Amino acid sequence: MPAHLTGAARGAAFLALASTAALALATAPARADRGPVDASVWKQLAPTVAATARYKAVPLAVAAGYRPNPCTMDMKDGMGAMGYHYINPERYGSLDPAKPAALLYEDDGRGGRRLTGVEWIVKAEKNTARPTMFGRKFEGPVTAHHDSAIPTHYSLHAWLYKENPSGLFYEWNPAVKCPYPGAPG
């Protein structure tokens, strides 16, 4: 956004941009994983983008309580990777679009990390129903991983910053690579 815009003007410009993107993406062909993503979903995701775009700078994510974990890739079926999870355990259980529990990163090729997506994590405890957001059911329950840093849980990924050829909400992204399985966070 241009620096000369006021806060209100920036907000209006962001919403206009989000609406344009939503319309363009709503007319895109359906993905095999979950079907088409319509404009109303992109409108619901606007608060997520507004709240997480600042975390393109990893130090800001760490300052906000997100802690790095090893790079996660699908070794069994070759479905792709999720990348590095930066997790804020205080946000487990959040169904607030602006407060995902995890930020997803990949190596940027220059010694840093690039933000690729977000993830909401809800602990799968006794009598926990499978959550739904944005018209999508969460995956899971998924067993604990990252040396139990993430408990058994339900999760929903949203690839907001890197296109996922498998679909916006599909858990694995074949376009994301780990330098090697379990590369340290």
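Contact here means heavy atoms within 4.5 Å. The model is predicted: local features need pLDDT of at least 70, side-chain atom pairs count only at pLDDT 80 or more, and totals for chains, interfaces and linings use all residues. Residues are numbered from 1 along each chain as its sequence is written, and side-chain values use heavy atoms, with hydrogens and water left out.

Q: Which residues is Leu45 in contact with, leaving aside its neighbours within four places in sequence?
A: Leu45 is in contact with Trp120, Phe134, Ala158, Leu160, Leu168 and Phe169.

Q: What makes the set with Leu45 and Trp120 a nonpolar core?
A: A nonpolar core is a set of buried Ala, Val, Leu, Ile, Met, Phe, Trp, Tyr and Cys residues joined through side-chain atoms within 4.5 Å. The largest such core has 32 residues, and Leu45, Leu103, Tyr105, Trp120, Phe134 and Phe169 are those with the most contacts inside it. Its largest share, four residues, comes from strand E4.

Q: Why is E8 called mostly covered?
A: Buried means under 20% relative accessible area, exposed over 50%, and partly exposed in between (1.4 Å probe, protein chains only). Six of the six residues of E8 are buried, so the strand is mostly covered by that definition. His153, Ser155 and His157 point one way from E8, and Tyr154, Leu156 and Ala158 the other way.

Q: How do you know that E4 and E8 pair?
A: Two strands pair if DSSP finds at least two bridges between them. Six bridges join E4 to E8, so these antiparallel strands pair. In E8, His157 stands opposite Glu119.

Q: What are helices and strands here?
A: They are DSSP runs, numbered from the N terminus: helices (H or I) have at least four residues and strands (E) at least two.
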